[in-house]
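Trainee: Could you help me understand how aromatic rings are described in a protein model?
Mentor: Gladly, let us take the model below.
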Amino acid sequence: MRIKEIIDKFLKKSLISFAESQSISSEIIQGKSITIEIPKEESFGDYTCTTAMNKELRNLFQIRNPIEFAQKWIPFIKTTKLSKSELILDDPFSFFDDEIGFDDLFENVQVAGAGFLNFFVQSKLLLFFLFRCLSHNHDYGRFKKEKPRKIIFEFVSANPTGPLNVVSARASALGDSCCNLLEAIGDSVFREYYVNDYGNQVELLGISFLFRFLELKKIPLKFSQKNHDKVIYPQQEGLPFPSEAYHGEYIQEALIEILKHHPISISENEIQRLKKISQNPNLTEENLKEILNEELYQIAKKFSKLATEYFLQKHKEDLQKFRVHFENFFLESSLHESGKVFSIVEKLKNHTYEKDKKIFFKSSDFGDDQDRVIIRENGKPTYLLADIAYHYEKIQRGFDTIINIWGPDHHGYIPRMKGAMQALGFPKENFHVLIAQQVTLLENGKPIVMSKRAGKIIQMKELLEEIPIDVARYFFLMRSFESHLEFDIDEAKDTSEKNPYYYVAYSHARIHSIFRKIEEERIFAIKEEAFFDKETLFQLKPRLNFYDFSSQTAFEKQNYQRNLLLKIARYPDEVYESATSLEPHRLLYFLYQIANDLSKFYIKKENKIIEKNEEEGIVLLSILLGVKICLKNGLELLGMEAPNRLEKTNLQITKEDLL
């Protein structure tokens with residue numbers, strides 16, 4: 001149960017009562033949604049409802065003015081009663097009677113602006129969620145579903161033609177966090193990595209390794225330059241390295257590692273032939289056909305297989321280090337070998353046609369700007385057909401929801417794949433594609449240029465050697481999928497509170513230090529684990545009920561105790577909404593807000609726990625422990641650790657500061 005869910009059900013029932021008073025069918029109102037938001041200004045309330053501004057709803061009631069609608073609705077809000085069974089409310093500590101009314105949930109409601117209904121939440125409701133947090137502990141913010149979705153979530157899926165780079169690192173952090181969040185709200189998630197180990201790019205990889213292998217055999221190479229989109233080779237001796245092949249130093253490094261375990265032989269006659277050819281200073285790409293004979297193509301083919309296996313293994317190692325796991329690495333080659341790529345043409349036959357010896361998929365029938373080729377004139381399948389076959393494989397495995405993370409260069413690819421899913425009978429609302437925008441690495445305020453083929457690549461592994469994993473994940477999650485991310489390496493290396501990860505992590509470490517010092521110095525006769533005991537919580541309840549956590553007192557005293565209680569109550573909503581919207585940055589921002597409220601809490605002298613008597617000290621400790629649970633659970637959902645100590649930073653934790 002979430003606080004927004006409680007408010008939603010309460011307001012829906014009051015709106016039905018309002019409708020019935022106007023002889024409007026309750027069934028009509030049941031289909032209408034209640035819009036609940038968090039106001040930008042704290043003084044406007046804890047929650048605001050904008051439903052009174054819904055023109056269609058007002059027309060039903062024949063009330064034109066939103067303010068008038070809100071004012072006439074309020075009497076029904078204040079007299080509504082909801083039973084615990086209607087709310088499906090688990091209330092083991094008996095905060096509420098069997099019937100729950102306005103005064104149980106709200107201190108006040110006000111009409112403001114153009115028809116906003118601003119609500120201030122009752123302390124009883126905030127304490128209910130505090131106790132829920134303490135009693136659920138590690139499970140706070142997690143939900144169970146009667147009918148969980150069976151989701152296959154594909155992400156990263158980088159071509160195995162080189163090491164993972166920072167773009168893949170961002171997709172890793174985003175995808176893994178989304179999966180964690182979906183699992184937290186009760187869905188079943190299967191994580192899959194699609195390995196493009198087939199086609200032209202893999203052939204180019206093998207040829208790249210072949211040429212570097214020939215270089216090891218003392219056969220000189222020469223490299224092209226582009227001039228106005230024209231490929232130009234220098235007038236010098238050497239075999240022309242293909243312009244579209246992979247140039248990076250990582251190719252040479254991988255080659256040496258592969259040869260240690262898989263020696264490759266080449267005939268002496270072939271070496272002499274190539275050395276002689278390389279003496280011609282006029283060689284260009286046009287000479288590659290005469291250079292690459294059958295023996296060399298077979299060697300290149302071996303390298304293709306060995307190189308893709310090598311890079312895939314490196315991908316797995318980097319991902320494991322980054323705390324990202326997959327249930328399956330699906331090989332594209334397996335689709336081709338099984339014949340499933342061509343078999344999909346038959347399943348699409350009602351949506352295809354032949355023209356100019358090509359077979360087209362009628363994707364324009366599904367919103368694409370043109371039809372797409374799936375079989376070329378030479379009889380070979382396009383990448384699109386293989387991708388359709390792969391997604392059909394997902395359907396065949398019984399998944400009812402398909403979610404993919406693709407790069408920005410795939411944006412135009414979405415309509416044709418959505419069309420293919422519809423043509424195969426898969427519900428279009430169950431197929432989702434998230435586009436992860438590019439990453440720009442900044443160092444000394446300047447961008448670092450990356451290109452895999454040109455060899456300028458910032459490897460994911462290299463970044464993680466420079467930046468702690470928790471910090472890297474935090475920075476990759478700070479922006480939404482559709483936002484271009486500027487990753488400032490200098491800022492990420494900063495271990496002060498200017499670094500947002502350390503600012504949040506410090507809050508958790510700070511609370512842990514408070515409990516540790518209280519226990520070590522026996523300031524109060526209670527330990528942290530006691531707060532998780534149901535009997536202790538029953539004893540704590542009357543103490544908490546004695547304190548005034550009302551909004552009016554909070555505004556007058558500015559002690560920020562209520563702010564923290566409100567954040568604890570909102571945490572499950574933030575998890576739920578971050579998961580359903582697939583926006584992990586929302587939860588990250590919320591955790592930062594909690595840390596910010598905690599900092600404000602410490603500024604106030606009346607919150608110095610060491611100066612309190614035991615009863616009041618324990619009350620404040622219970623609130624801090626709720627904050628600690630939210631910080632820890634939230635960071636863990638996003639793949640980060642919530643440290644108990646931050647000794648290796650310049651964040652100094654002292655007894656006076658903490659207590």
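Predicted model: local features only at pLDDT ≥ 70, side-chain atom pairs only at ≥ 80, totals over all residues.

Trainee: What makes Phe18 and Phe76 a stacked pair?
Mentor: Rings of Phe, Tyr and Trp (its six-membered ring) pair if their centres lie within 6.5 Å; planes under 30 degrees apart count as stacked, over 60 as edge-to-face and the rest as tilted. The centres of Phe18 and Phe76 are 5.1 Å apart with 20° between the planes, so the pair is stacked.

Trainee: Why is Phe18 called buried?
Mentor: Buried means under 20% relative accessible area, exposed over 50%, and partly exposed in between (1.4 Å probe, protein chains only). Phe18 has 2%, so Phe18 is buried. Phe76 has 23%, so Phe76 counts as partly exposed.

Trainee: Why are Phe209 and Phe311 called edge-to-face?
Mentor: Their centres are 6.2 Å apart and their planes 65° apart, so they meet the edge-to-face rule.

Trainee: How do you know that the charged end of Lys150 sits over the ring of Phe399?
Mentor: The rule asks for NZ of Lys or CZ of Arg within 6 Å of the ring centre and within 35 degrees of the ring normal. For Lys150 the distance to the centre of the Phe399 ring is 5.3 Å.

Technical notes:
Residues numbered from 1 in each chain as written. Heavy atoms only, no water.
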